[in-house]
Amino acid sequence: MLEFVDTSENMAAIGGLENLKNWLAQRRGAWDDAARNFGLDPARGVIILGVQGCGKSLCARAVAGEWKLPLVKFDTAAVFDKYIGETEKRIQQVFRVAEGLAPCVLWIDELEKVFAGSGPDSASVDAGVSSRILASFLSWMQDRKAPVFVAATCNNVTALPPELIRKGRFDELFFVDLPNQAERQQIFSIQLAKRKRNPAEFDLNQLASAAQGFSGAEIDAAVQSALYAVFANQQSLTTDALMAALAHTVPLSTTRAEEIQSLRIWAKQRAVPASGALAIAERASNLA
Ligand SMILES: Nc1ncnc2c1ncn2[C@@H]1O[C@H](COP(=O)(O)OP(=O)(O)OP(=O)(O)O)[C@@H](O)[C@H]1O
Ligand SMILES: [Mg+2]
């Protein structure tokens with residue numbers, strides 16, 4: 001029900017998202033004795049929501065890597081059982097195991113799926129079970145004594161029960177938007193370096209401009225597909241080869257523009273932007 005996840009990544013693997021990175025950096029070590037004596041409460045957790053493929057899961061992994069804590073992932077499918085009562089028992093077990101591992105990071109991926117169907121108007125047959133699970137989760141979030149930092153990631157906010165995002169349960173709610181020009185440059189640089197290329201040999205500015213509207217995952221995929229193409233032709237990777245790969249991709253932000261726009265509107269009222277001030281200003285001026 002809990003799965004150990006590799007945490008070799010750290011914050012340097014993430015392009016952009018400066019606000020979120022700074023917030024996490026400030027909370028590093030907030031559970032050791034020195035912090036407690038200083039009067040700090042250990043951080044409880046964070047919800048990272050936003051556009052698909054923009055680094056939410058990457059951030060959850062990097063927090064644990066950066067803080068040098070074990071990372072355990074909540075396996076939703078393994079926790080839910082068709083027998084009434086069994087699921088609730090398992091949830092309690094998950095909490096106990098996580099506390100036994102503390103200090104650790106508990107990653108709940110696709111938070112909205114865990115609590116789907118727990119809304120009061122849900123027609124789903126397991127509504128009763130889901131809302132009891134939500135209640136036990138909320139009380140555990142509030143009362144637990146062991147330092148378990150919960151990193152929850154989420155794509156679909158319409159399915160999130162409002163109780164979850166109410167203040168006091170999680171410390172902060174971050175919204176991850178599509179990367180802006182500077183962030184895309186950083187992502188290209190990270191992805192190229194990851195594949196043993198020297199980013200200084202590429203025109204990152206040109207690439208980032210051509211990748212407007214691309215998510216980090218789409219940039220990652222374009223770099224991979226360019227590598228396949230040049231490898232097959234026994235050529236070396238160039239800016240032109242990358243430009244060709246970008247030209248063959250229609251980003252999700254084009255096909256799902258409406259969905260992303262409604263997510264932005266929702267987040268504007270409720271969430272803190274994960275990007276730094278500069279990126280936010282640039283996006284605003286693009287929209288104007
Ligand atoms: N900001 C970023 N910096 C560097 N790489 C990124 C970034 N965003 C995405 N990527 C690349 O895309 C891959 C997928 O990103 P990730 O799984 O974190 O996205 P996600 O937001 O969790 O998406 P999903 O909504 O589909 O779960 C990463 O492994 C990484 O290679
Ligand atoms: Mg993810």
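Predicted model: local features only at pLDDT ≥ 70, side-chain atom pairs only at ≥ 80, totals over all residues.
## A walk around ligand 1

Which residues come nearest to ligand 1? Out of the 18 in the shell, they are Gly15, Lys56, Ser57, Leu58 and Asp220.

Next, zoom in on some oxygen atoms of the ligand. Pick Asp220 and show its side chain: an N or O atom there sits 2.7 Å from an oxygen of ligand 1. Then go to Ala217, but look at the backbone this time, where a polar atom is 3.3 Å from a ligand oxygen. Lys194 is your next click, with a polar side-chain atom 3.4 Å from an oxygen of ligand 1.

On its own, ligand 1 has 630 Å² of accessible area, and the protein covers 82% of that. Go back to the cartoon and select helix H3 (56–67), helix H9 (181–194) and helix H11 (216–232), the elements that each give two or more residues to the shell.

Stay on helix H9 for the last stop and select Arg184, which is part of this helix. Is Arg184 buried or exposed? Its relative accessible area is 5%, so it counts as buried, the cut-off being under 20%. To see what surrounds Arg184, leave out residues up to four places away in sequence and show the ones it touches: Pro179, Ala208, Ala211, Gln212, Gly213, Phe214 and Ile219.

Terms used. Residues numbered from 1 in each chain as written. Chains lettered and ligands numbered in written order. Heavy atoms only, no water. Near = heavy atom within 4 Å. Polar contact = N/O pair within 3.5 Å; in protein donor to acceptor, adjacent residues only side chain to side chain. Areas by Shrake-Rupley, 256 points an atom, 1.4 Å probe, with all protein chains shown as cover. Helix = DSSP H or I, 4+ residues; strand = E, 2+ residues; numbered from the N terminus. Buried < 20%, exposed > 50% of the residue type's maximum accessible area, 1.4 Å probe, protein only. Contact = heavy atoms within 4.5 Å.
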